[in-house]
Amino acid sequence: MYYAVLVASKGFRGHDSLVYKSIEKLSRGQLVAVPMQGKTVSGIVDKGVRKPDFDTKLVSYEWPLVLPETSLGLLRWLQDYYPAPLGTLAELFVPPALNKNLKSLEVSKPTKPRRLPSLSEEQARVIKLIAESNQKSHILHGDTATGKTHVYLELAKSTILAGKSVIIMTPEIGLTTPLVQSFASIFGNRVLMTHSNMTPAQRRTVWLRALDDSEGLIVVGPRSALFTPLKNVGLIVMDESHDSAYKQEHTPRYQTSRVAAYLASLHGARLVMGSATPLVTDYYAFQTKKLNILRMTQTALTSSSKTSINIVDLRQKELFSKSPHLSDQLLAAISDSLSRKEQTLLFLNRRGSARLALCNNCGWQALCPHCDTALTYHHDNHKMFCHSCNFSDRVPTHCPDCQATELIFRSIGTKSLQQEIEKLFPDSTIGRFDRDTEKALQLSQQFEQLKSGATNIII
């Protein structure tokens, strides 16, 4: 028997399926292993075909795993809508770390959703509008602290009780863990987390659990969660839908909101795009098509505490007697917080140790030879890095223009800030979270320690 197979490998740059022969009868959407270019790669059976007039290779082996028709429909739409090799697109739908000795999962019975806290009037109004509307796509324009997550939880609960699954997306992996905890506290073992920082075996387990489910699951993750093989999706949520991370910048390039909308149409599901600052393009599209834009302005939880904002002028050097980078007022506020056993958050929009490396004699500046942008100095490995193209270079010992040795580093980054804080508050537990943080110390791995208050100062 002969089958057209969608090869799931970046090594396949073609745009059409390849024909293979099989001794066993295969189903549309079934996962198989096929030989290609001297390697064995995964593939998805598209359809049966007649015997071709050329020699064909034999399918190496097959798994009893069949993708739902909605996943195949999304794959074909992606191929038509976005220019990308078929092998790269098909790879999105295939689990990592497949092997011959794949065992079936033993999954405990899904827990029943727990009771949710009471809703505010505005939250109840929004949920009712979404539930009773004939429209499937909604923008949830809710100000910060209006309780958008509570709305997601209520919508997810009604979807689960209807026997359907839910996809909850976050723009960044670091936001996945707290959102998973919020949903797991209500839905227990129905909640699955998936993202690229998980091991291939962990991601494969999540994929198999989703494929095998028949009672409704909640999958939480970044944009790749859209390609989880759920059979019956009733709700798709894009949290912080304005974030630029929802735009895939490498092949296959795609806009998550567009893919989510098409997947929702395949399942007949609701799509909710939540944000405090929705994109102007989304607003315009929804207004043009007369789709629901739901507004939330009332703070869900009232607090008696008042916010105090103090602005410190960096030019007034007399305000920086203890540190050249941190004002006396800020240091006093940190000390007060520590004495009350409260946490401190310090935000700085620069990575590394110093953003600029300059010659104090002639003004020469270390620049990336590819991007012509300033190289950032990292003291922990004593190297200069370009944060645009990842170019790296050793730290110069003298100026290449005038040969002077008077090199200075200016504009501190998060690593220098951490050094300064460790020196000023040696008895405190400090956590730094940026793109240079080691995997074991990243936000998703340290969330429990942060939540418990064990980390005193967070950078």
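Begin at the second largest pocket, which holds about 820 Å³ of space. A pocket here is an open set of points, on a 1 Å grid over the protein atoms alone, with protein on both sides within 12 Å along at least five of seven lines; lining residues have an atom within 4 Å of a point. The volume is the space filled by probe spheres set on the points, and grid points are joined across faces, edges and corners.

To find the centre, select H325, L326, S327, L330 and L346, the closest to it of the 25 lining residues. This is a predicted model, in which local features need pLDDT of at least 70 and side-chain atom pairs count only at pLDDT 80 or more, while totals for chains, interfaces and linings use all residues. Residues are numbered from 1 along each chain as its sequence is written, and side-chain values use heavy atoms, with hydrogens and water left out.

Next, colour α9 (328-339), β14 (344-345) and β19 (407-412), each of which supplies at least two residues of this pocket's lining. Helices (H or I, at least four residues) and strands (E, at least two) are DSSP runs, numbered from the N terminus. The largest share of the lining, five residues, comes from α9. By residue class, the lining of the second largest pocket divides into 14 nonpolar, eight polar and three charged residues. In this scheme Ala, Val, Leu, Ile, Met, Phe, Trp, Tyr, Cys and Pro count as nonpolar, Asp, Glu, Lys and Arg as charged, and the others, Gly among them, as polar.

Now select Q30, in strand β3 (residues 30-36). Q30 is buried, with a relative accessible area of 8%; buried means under 20%, exposed over 50%, and partly exposed in between, with a 1.4 Å probe and protein chains only. Display its contacts (heavy atoms within 4.5 Å): leaving aside residues up to four places away in sequence, Q30 touches G43, I44, V45, E62, W63, L65 and V66. A polar atom of the Q30 side chain lies 3.0 Å from the backbone oxygen of W63.

The remaining stops concern backbone geometry. Most residues other than glycine have a negative phi, and most peptide bonds are trans. Go to T251 and P252, which are joined by a cis peptide bond with omega about 0°; P252 lies in the loop between β11 (233-239) and α7 (256-267).

Then select H382, in the loop between β16 (376-378) and β17 (383-385). Its phi is positive, near 50°, and H382 is partly exposed at 46% relative accessible area.

Finish at N390, in the loop between β17 and β18 (392-394). Phi of N390 is also positive, near 70°, and N390 is exposed, with a relative accessible area of 65%.

Conventions:
A polar contact is a pair of N or O atoms within 3.5 Å; within protein, one must be able to donate a hydrogen and the other to accept it, and residues adjacent in sequence count only if both atoms are side-chain atoms. On a 1 Å grid over the protein atoms alone, a cavity is a set of points where a 1.4 Å probe fits but cannot get out, and a pocket is an open set with protein on both sides within 12 Å along at least five of seven lines; lining residues have an atom within 4 Å of a point.
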